[in-house]
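This report concerns the nonpolar cores and the aromatic rings of one protein model. Please consult the sequence and structure shown here.

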Amino acid sequence: IEPNVGVVDVYDPRLDVLAKMYNTQKVTPAQIEFVDIAGLVKGASEGAGLGNKFLSHIKEVDAILHVVRCFKNDNIIHVDGSIDPVRDIETINMELILADIETVQKRLGKVEKSVHGGDATAIKEKELLDRIYKTLADQKPARILSFDEEEQKIVNGFFLITTKPIIYVANTSDSLDDYQRENLTKIEALAKSEGAEMISLCARLEEELVSLSDEEREMFMEELGISHSGLDKLIVASYSLLGLISYLTAGEKEVRAWTITKGTLAPQAAGKIHTDFERGFIRADVVKYDDLIEAGDYANARAKGKIISAGKDYVMQDGDIVVFKFNV
């Protein structure tokens with residue numbers, strides 16, 4: 001009934017490479033938080049199942065992973081008595097759309113008076129609400145709409161569920177049959193139609209992998225012919241879905257990935273380490289990961305002119321290895 005929260009490391013093979021290069025004592029990967037919410041049933045928007053409790057939980061997340069069953073197994077029941085992942089997705093989406101319609105209608109009721117009074121902000125808000133309502137009334141999620149930067153800020157204040165980015169996670173058996181392949185194709189097409197993403201994995205296999213030691217896991221994955229787990233793929237995809245990237249710091253004491261949003265400037269990235277770094281920012285010495293690996297070490301990278309001195313306007317890139325210079 002209550003959500004389970006798990007904090008997981010973001011798979012990043014660059015950290016291990018840097019750890020060997022610097023002979024470091026500690027490796028700290030970036031992390032992402034997953035909230036496992038109990039399943040939603042038809043009628044939830046009207047209070048069925050966990051109903052409003054579910055909807056309040058899901059409103060608090062930044063992005064949605066919708067796990068949908070694709071495999072047949074007579075020993076595992078399905079609430080609708082049959083396996084049809086596209087139907088399941090549409091059932092859930094409709095409940096979320098209905099919940100958003102209710103939110104939009106309440107919001108419209110609040111702005112009407114201000115609109116009649118000629119309030120420019122209220123007029124803009126009503127235009128957006130009308131546009132979103134039309135899409136929801138057509139039984140489509142609001143995420144298919146595009147907004148400019150100013151509009152997006154207003155829309156964020158509506159706290160709608162169907163504006164959240166989503167990944168459909170197709171849960172398959174460990175051996176795919178034609179039925180599952182057909183369903184994967186359908187889910188992929190549905191995801192594409194609403195600007196969403198799709199990943200397939202076998203939850204049973206993932207459970208087995210987690211129970212093994214590192215050495216056993218490596219051997220088992222080698223036998224299966226896979227380089228990294230479905231969970232790793234899902235974590236990386238989730239990180240990207242949220243618009244996040246990692247910059248890296250490296251030294252003998254620690255190699256670490258720091259989480260920032262795409263488009264973050266160097267001073268704000270420095271502030272992730274310590275507020276003093278941002279406040280007293282002078283510059284950032286930056287080397288691209290690939291350039292450092294090619295050079296062999298930091299000294300050679302400097303000798304080859306691969307280290308740039310970045311100022312306050314520098315936009316951080318994924319995989320930047322940084323030394324911040326600051327003065328407080």
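The sections below treat the basis of the values, the cores and the rings in turn.

## Basis

The model is predicted: local features need pLDDT of at least 70, side-chain atom pairs count only at pLDDT 80 or more, and totals for chains, interfaces and linings use all residues. Residues are numbered from 1 along each chain as its sequence is written, and side-chain values use heavy atoms, with hydrogens and water left out.

## Nonpolar cores

A nonpolar core is a set of buried Ala, Val, Leu, Ile, Met, Phe, Trp, Tyr and Cys residues joined through side-chain atoms within 4.5 Å; buried means under 20% relative accessible area (1.4 Å probe, protein chains only). The largest such core has 21 residues, and Ile-58, Ile-64, Ile-89, Ile-161, Tyr-168 and Ile-187 have the most contacts inside it. At least two residues each come from helix 2 (52–59), strand 4 (64–69), helix 3 (85–116), strand 5 (166–171) and helix 6 (178–193). Helices (H or I, at least four residues) and strands (E, at least two) are DSSP runs, numbered from the N terminus. Helix 3 gives the most to this core, with 5 residues.

Another core, apart from this one, has 19 residues, including Leu-18 and Ala-301.

## Aromatic rings

Rings of Phe, Tyr and Trp (its six-membered ring) pair if their centres lie within 6.5 Å; planes under 30 degrees apart count as stacked, over 60 as edge-to-face and the rest as tilted. The count comes to 4 aromatic pairs. Tyr-247 and Phe-324 pair edge-to-face, at 5.7 Å centre to centre and 90° between the planes. Tyr-247 belongs to strand 7 (residues 244–250) and Phe-324 to strand 11 (residues 320–326), so this pair ties together parts 77 residues apart in sequence. Both Tyr-247 and Phe-324 are buried. Ring pairs link Tyr-247, Trp-258, Phe-281 and Phe-324 into a cluster.

Terms used
Buried means under 20% relative accessible area, exposed over 50%, partly exposed in between (1.4 Å probe, protein chains only).
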